[in-house]
Amino acid sequence: MHALNTNYDVIVIGSGPGGEGAAISLAKAGKTVAVVERHAFVGGGCTHWGTIPSKALIHVVREFATLKKSRFAANAHLPTRITAAELMQTITDVVALQVREREGFYARNAVTVVEGTACFLNSTTLEITDSDGSRQQLTASAFVIATGSRPYRPTDIDFTHPRVVDSDTILAMRELPGTLTVYGAGVIGCEYASAIKDLGVKVNLVNTRERLLEYLDDEISTALSYHMRDEQGILIRQNEEYERVELSDKGVVLHLKTGKVIKSDMLLWANGRTGNSEGLGLEKVGIAIDHRGNLAVNDAYQTSQPHIYAVGDIIGFPNLASAAYDQGRFAGTHIATGRCDERLVKHIPTGIYTTPEISALGDTERTLTEQRIPYEVGHAFFRNLARGQITDRRAGMLKLLFHRETLEILGIHCFGHNAAEILHIGQAIMAQPAPHNTIRYFIDTTFNYPTMAEAYRVAALNGYNRL
Ligand SMILES: Cc1cc2nc3c(=O)[nH]c(=O)nc-3n(C[C@H](O)[C@H](O)[C@H](O)COP(=O)(O)OP(=O)(O)OC[C@H]3O[C@@H](n4cnc5c(N)ncnc54)[C@H](O)[C@@H]3O)c2cc1C
């Protein structure tokens, strides 16, 4: 549909969290704003094929696993498996709710949403091509590129083959395979491997690194490997690289460089991502892209063209919806006011929705040792907490790293049910100015009992008593 107005103060390309953060902040600052989105609905990859559908799927899988484990399961006539159709229905419902929310934000803030693919013609004009091929030109004095990223696809693998999927296409699977090989053990690979195993599918996970998610604290990464291998029954191959992939009607054969061969019904490729920068006409405005398709920006999210900003996955690390939204807001503020003093928080939390969940913030034991910072560690094991026992969520722990002399919190690492939520309690304290950012808060505070939050008091006391 053609926009009635063809000139705006700012045009945002992409309606994911990065684009939305920018558009809404600009509209609130009184700017006329259009968002161009090539997908039929707003929300970005985050809503349609990334964060939201994967988390909705993981939730259903966990809910089913909990039901099956429940003491009432024997009388509940539960099906043996969830079907792909049931999973899709839940995901579709959640995505629809999210789209409705986001459409409401744009409507309430008088942001024009234009459907089509945007390409720069020159530094002030975009050409928008609609799905029916019709074109229109829109002009603005500033732009925000928030076009996101997509899975990297090596050219020697046929991604049109029905037995090969990546994180963008996995949700279109009509039925669940008997066996799945996940190639790539980053966050997306680990999350899908864990969830799909819990659906009753045999899973092989091939990691190109030596450890799973090696940037995590070693103890947490080891706990994840143990759970995936011993508790879930996932076959993990570490430090392996593929040589070739053999595809046939019968299945997939993954040949590894070490000579190992892994056979399965399907392959989920989860190794690397590329910025969505092709076709944007960046060469016409003199903006360079790197080998990953990403754009370089300064602290204010300006590209080499100061009136063209870029936020979210298209600028690379940290590739998180949470950060993309904030970057969008910061870019919007800079466009509207000429300055923005806000920055992404120093420690960006990681939420990894494996079974059990992982969440982390700040330094690990390894990074503290490298920096020769004197630290102590405090643990709380979920199996010892009253709430963990009542809810039968006994697998997991909270680990606090703190400075031996000042007691300042240096790192928080959580592994277990609801870790991504539990982490934020510690984050709030860690972000306080000194001397309020120490484990003393947890020692001196009265917690609700029984709660999982109590893990902070237990871990703080555990560490404090070692000093
Ligand atoms: C499987 C998976 C799970 C994830 N889980 C999490 C998680 O749990 N937590 C978390 O924080 N992050 C998660 N992420 C990452 C998160 O989804 C991304 O970091 C986030 O979506 C990036 O936001 P964005 O605004 O940069 O881009 P996107 O959300 O990808 O949106 C970009 C939009 O731009 C549009 N577009 C692209 N090119 C054009 C063009 N030329 N013209 C018009 N429109 C265009 C696209 O259609 C898309 O809608 C996950 C990602 C994946 C793939």
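Colleague: What is the distance between an oxygen atom of the ligand and a polar backbone atom of Ala-321?

Modeller: The distance is 2.9 Å. The model is predicted, so local features need pLDDT of at least 70 and side-chain atom pairs count only at pLDDT 80 or more, while totals for chains, interfaces and linings use all residues. Residues are numbered from 1 along each chain as its sequence is written, and side-chain values use heavy atoms, with hydrogens and water left out.

Colleague: Which of the 35 residues around the ligand come nearest?

Modeller: Gly-18, Glu-37, Thr-51, Lys-55 and Asp-313 do. The shell divides into 13 nonpolar, 17 polar and 5 charged residues.

Colleague: Which helices and strands each supply at least two residues of the shell?

Modeller: Among them are helix H1 (17-28), strand E2 (33-37), helix H3 (51-69), strand E4 (117-122) and helix H8 (321-337). These elements are DSSP runs numbered from the N terminus: helices (H or I) have at least four residues and strands (E) at least two.

Colleague: Why is the ligand said to lie between domain 1 and domain 2?

Modeller: Domain 1 (7-151 + 274-345) and domain 2 (164-271) both give residues to the shell, so the ligand lies between them. The bounds come from an automatic or database domain assignment.

Colleague: Why is Ser-54 called buried?

Modeller: Buried means under 20% relative accessible area, exposed over 50%, and partly exposed in between. Ser-54 has 6% relative accessibility, so it counts as buried. Ser-54 lies in helix H3, where its side chain reaches the backbone oxygen of Gly-50 at 2.9 Å.

Colleague: What makes Leu-121 partly exposed?

Modeller: Its relative accessible area is 31%, so Leu-121 is classed as partly exposed. Leu-121 lies in strand E4. Leu-121 and Asn-448 are 327 residues apart in sequence and 60 Å apart in space, C-alpha to C-alpha.

Colleague: What is known of Asp-93 in those terms?

Modeller: Asp-93 is partly exposed as well, at 41%, and its place is in helix H4 (84-108).

Colleague: How many residues does the largest nonpolar core have?

Modeller: It has 47, and those with the most contacts inside it are Leu-57, Leu-205 and Met-228. Such a core is a set of buried Ala, Val, Leu, Ile, Met, Phe, Trp, Tyr and Cys residues joined through side-chain atoms within 4.5 Å. Its largest share, 7 residues, comes from H3. In soluble globular proteins, nonpolar side chains tend to be buried together.

Colleague: What stands out in the backbone at Asn-319?

Modeller: Asn-319 has a positive phi of about 50° although it is not a glycine. Asn-319 is found in the loop between strand E17 (308-310) and H8, and at 34% relative accessibility it counts as partly exposed. Pro-318 is in the loop between E17 and H8, and the peptide bond from Phe-317 to Pro-318 is cis, with omega near 5°.

Colleague: Why is Ala-110 called exposed?

Modeller: Its relative accessibility is 64%, so Ala-110 counts as exposed. Ala-110 sits in the loop between H4 and strand E3 (112-115) and has a positive phi of about 55°, although it is not a glycine.

How values were computed. Near = heavy atom within 4 Å. Polar contact = N/O pair within 3.5 Å; in protein donor to acceptor, adjacent residues only side chain to side chain. Nonpolar A, V, L, I, M, F, W, Y, C, P; charged D, E, K, R; others polar. Buried < 20%, exposed > 50% of the residue type's maximum accessible area, 1.4 Å probe, protein only.
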